[in-house]
Amino acid sequence: MDGLKMDFLSSKALEDKSSMEKISLIIDRVKDGDILVLEGSLSPSEEAELIETTMREIDVDNFVGIDIYTLEKDEKAFLGLSKRRTVGLTIIGPANVMRTVKKKSNFLSMIAEIGDSGASVH
């Protein structure tokens, strides 16, 4: 049976890796057509480096880039007086596969296209 591979990585799986190790891991898996779901998020500098590295590696025949989506959660502060937003999940995948249907700060509906997208199937 053919399908799209999704890897779910806990924050613990990435915490001991350097920024470049995280970026290499993400790009290698996304180039293989996989979608990664990360608990939490990359730092702003890591996300910027990921985008910069991706732009350098784009090859229209084999790798068209990545899409990154974050799903936030609200956390109540002391005594419930104010809320702050934290990232609950980050979803990273090939740009030619991921299609957003609906996105709000706490809701994400997504379709992954594997037919003629050029994505590898597992």
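Residues are numbered from 1 along each chain as its sequence is written. In this predicted model, local features need pLDDT of at least 70 and side-chain atom pairs count only at pLDDT 80 or more, while totals for chains, interfaces and linings use all residues; side-chain values use heavy atoms, with hydrogens and water left out.

## Overall layout

The protein has 3 helices and 6 strands. Both kinds of element are DSSP runs numbered from the N terminus: helices are H or I with at least four residues, strands are E with at least two. Their order from the N terminus is β-α-α-β-α-β-β-β-β. The chain has 122 residues, of which 30% count as buried. Buried means under 20% relative accessible area, exposed means over 50%, and partly exposed lies in between (1.4 Å probe, protein chains only). Of the contacts with a separation of 6 or more, 57% come from residues 24 or more positions apart. A contact here means heavy atoms within 4.5 Å.

## Helix 2 against helix 3

Two packed helices are described by the angle between their axes and the distance between the axes. Helix 2 spans residues 19-31 and helix 3 spans residues 44-57. They pack at an angle of about 45°, with axes 10 Å apart. That angle makes helix 2 oblique to helix 3. Axes are lines fitted to C-alpha atoms, for helices over the stretch in contact, and angles run from 0 to 180 degrees between N-to-C directions. Angles under 35 degrees count as roughly parallel, over 145 as roughly antiparallel, 65 to 115 as roughly perpendicular, and the rest as oblique.

The crossing of helix 2 and helix 3 is right-handed. In a right-handed crossing the near helix is turned clockwise from the far one by less than a right angle; anticlockwise is left-handed. Helix 2 contributes Ser 19, Met 20, Lys 22, Ile 23, Ile 26, Ile 27 and Lys 31 to the contact. Helix 3 contributes Glu 46, Glu 49, Leu 50, Thr 53, Thr 54 and Glu 57. By class, the contact has 5 nonpolar, 3 polar and 5 charged residues. Ala, Val, Leu, Ile, Met, Phe, Trp, Tyr, Cys and Pro count as nonpolar, Asp, Glu, Lys and Arg as charged, and the others, Gly among them, as polar.

## Salt bridges

The whole structure holds 8 salt bridges. Each is a side-chain nitrogen of Lys or Arg within 4 Å of a carboxyl oxygen of Asp or Glu. Among them are these pairs:

| Pair | N to O distance |
|---|---|
| Glu 46 and Lys 22 | 3.1 Å |
| Glu 57 and Lys 31 | 2.5 Å |
| Glu 49 and Arg 56 | 3.7 Å |

Glu 46 of helix 3 bridges to Lys 22 of helix 2. The two are 24 residues apart and link distant parts of the chain. Glu 46 is buried at 7% relative accessible area. Lys 22 is buried at 15%.

Glu 57 lies in helix 3 and Lys 31 in helix 2, so their bridge ties together parts that are 26 residues apart in sequence. Glu 57 is partly exposed at 31%. Lys 31 is partly exposed at 38%.

Glu 49 pairs with Arg 56. Glu 49 is partly exposed at 23%, whereas Arg 56 is exposed at 53%. Elsewhere, salt bridges that share partners join Lys 5, Asp 7, Arg 29 and Asp 34 into one network.

## A site in strand 3

Thr 70 sits in strand 3, residues 66-76. Thr 70 is partly exposed at 23% relative accessible area.
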